[in-house]
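Colleague: Could you show me how to read pockets, domain contacts and cavities in a model like this one? Please take the general idea each time, then the case at hand.

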Amino acid sequence: MTGSKLLQNYVNGEFVRGPREFADINPADGSVIVEVSEADESLVNQAVESARRALNGDWGKLTIPARAAVLHKIAGGIEKRFEDFVQAEVADTGKPVSLASKIDIPRGAANFRIFADLVKSAGLEAFRTETQDNVSALNYSVRKPLGVVGIITPWNLPLLLLTWKTAPALACGNCVVVKPSEETPATATLLAEVMQSTGVPPGVFNVVHGFGSGSAGEFLTSHADVNAVTFTGESKTGSAIMRAVAPTVKPISFELGGKNAAIVFADCDFDETINGLADAVFLNTGQVCLCAERVYVERPMFERFVSALKQKAEGLVLGWPTDDKTTTGPLISKEHRAKVLCYYDLAKKEGATILAGGGTPIFGDARDDGFYIQPTILTGLAESARCVKEEIFGPVCHVAPFDKEEEAIAKANDTKYGLAASVWTTNLKRGHRVAEKLHVGITWVNCWFLRDLRTPFGGAGLSGIGREGGMHSLNFYSELNNICIKL
Ligand code: NAD
């Protein structure tokens, strides 16, 4: 980035070009921000080799407190260049500057700090064994790095998700090769600059740019010398990556798609619920894996609820991402907007009533060349409709009434996904009861997207494999070696 018009790969501590380039597009107006150098197979191989060398070199010999200190320095490096990160993320994703500066970039730094602190205090189990014939032994585990970890991330929360995996991987002593989304390569490259300037040894952190199949993503996941793969993205990509890692049998951690439900009971705090669900449906233009695309509302409150949500949708400010007043930016790309618009059309064919939105806005300026779309509320669809079953990943939800608690739970669970859900009620007993019955990785009661980074995060069904967060991350990124000593 620095001093260059080309975003380059970062391999063995140096910025290097691959043989081809692709364009990084600003979704707000369709303009080219910068050209990006795509890593070919040979560059991916070099990145993996340099990671292996670093692992076998000084990095592999660092004590846990020394590694933790490096992670804190990286966090400091992000904080020092906070504005650069915000600008890069806003340009790449089109997300409002208010969002990038409140959530994405602070979380990028926080991920390093929390795992630095956690790894220092993380204990491991120990057992004293006593057999029937009076043999005693002491068992204890030691935590070792997995080795070279391949990290593949999506475009919706680029720095946040990339650091969510990079930080615990480094905390556990691994070296990493990251492949950010082709749509959002900028903050990964900035992070490489931070790594370089904070003196992180060459090879510990590598960035390869490019696409999935037939490009850097596939070269990395199918590489025999990559010891583990952690991936966030679409479920069908997860399935392709599973096939790619199968021949070399490596640990995988997958955070995948969702079709998340919200259940609103008539006894909820109405304002809190409407505000919470307006975020849950529309935040980041609906492009958060945790967004609610299915909202079930207890019948006595249905009409009041949909009219308030409609007001919220129509009050969103679709503007330039750099404007402080903007609440809603564009979708990530032309292709993604075409996909979401297909669902808007399909909803009409499937018999939906479109209560708000349903199309594209017209601005009369350069934003018309961007990928904006109207926040949309659907009602009246059958539970079997594709728009109720498939992840759309846009600013859209279907709202349906329900009569009985069990009915709402059954409908919420009637999906192949199982990432997140939210329950809105002032009846605490009901909150607990319903939350436990939902087949998801996380259920929020009277809130949404409230994250404590020590808690397990992941999905059931098509939404993922494994859990990351807190000790779950440390356990995924470590090889535990049990040592049994006869006493
Ligand atoms: P995607 O699966 O299309 O791409 C994600 C990453 O995988 C990109 O870097 C891409 O280049 C790479 N990739 C694509 N094909 C590959 C292949 N064959 N081999 C290796 N790498 C490959 O996802 P996306 O469109 O970038 O992101 C949106 C999706 O991510 C949604 O489904 C969303 O729900 C999901 N998501 C899930 C979580 C979670 O925590 N569960 C978080 C954010 C996003």
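Colleague: How do the residues lining the second largest pocket divide into nonpolar, polar and charged?

Modeller: Ala, Val, Leu, Ile, Met, Phe, Trp, Tyr, Cys and Pro count as nonpolar, Asp, Glu, Lys and Arg as charged, and the others, Gly among them, as polar. Here the lining has 11 nonpolar, seven polar and five charged residues. Keep in mind that this is a predicted model, where local features need pLDDT of at least 70, side-chain atom pairs count only at pLDDT 80 or more, and totals for chains, interfaces and linings use all residues. Residues are numbered from 1 along each chain as its sequence is written, and side-chain values use heavy atoms, without hydrogens and water.

Colleague: What is the volume of that pocket, and which residues are closest to its centre?

Modeller: On a 1 Å grid over the protein atoms alone, a pocket is an open set of points with protein on both sides within 12 Å along at least five of seven lines, a cavity is a set where a 1.4 Å probe fits but cannot get out, and lining residues have an atom within 4 Å of a point. Points are joined across faces, edges and corners, and the volume is the space filled by probe spheres set on them. The second largest pocket holds about 550 Å³. Of its 23 lining residues, L99, K102, I103, D279 and L283 are the closest to its centre. Two or more lining residues come from each of α5 (97-121), α10 (270-282) and α11 (302-315), and α5 gives the most, with five. Such elements are DSSP runs numbered from the N terminus: helices (H or I, at least four residues) and strands (E, at least two).

Colleague: What does the largest pocket draw from each domain?

Modeller: The largest pocket has a volume of about 930 Å³. Among its 36 lining residues, W155, E182, F231, E234 and T237 are the closest to the centre. α8 (216-221), β11 (228-232), α9 (235-245) and α12 (334-349) each give two or more residues, and α9 leads with five. By class, the lining has 13 nonpolar, 13 polar and 10 charged residues. Domain 1 and domain 2 each provide at least three of the lining residues.

Colleague: How much area do domain 1 and domain 2 bury between them?

Modeller: Buried area is the accessible area (1.4 Å probe) that two parts lose on being put together, summed over both. Here about 2,500 Å² is buried, 64% of it on carbon and sulfur atoms. The domain centres, taken over C-alpha atoms, are 30 Å apart.

Colleague: And how many cavities does a search of the whole structure find?

Modeller: There are five of 30 Å³ or more. The largest cavity has a volume of about 100 Å³. Its lining includes R107, W164, E255, C289 and F457, and by class has nine nonpolar, no polar and three charged residues. Helix α6 (residues 158-171) supplies the largest share, three residues.

Note on methods
Domains from an automatic or database assignment.
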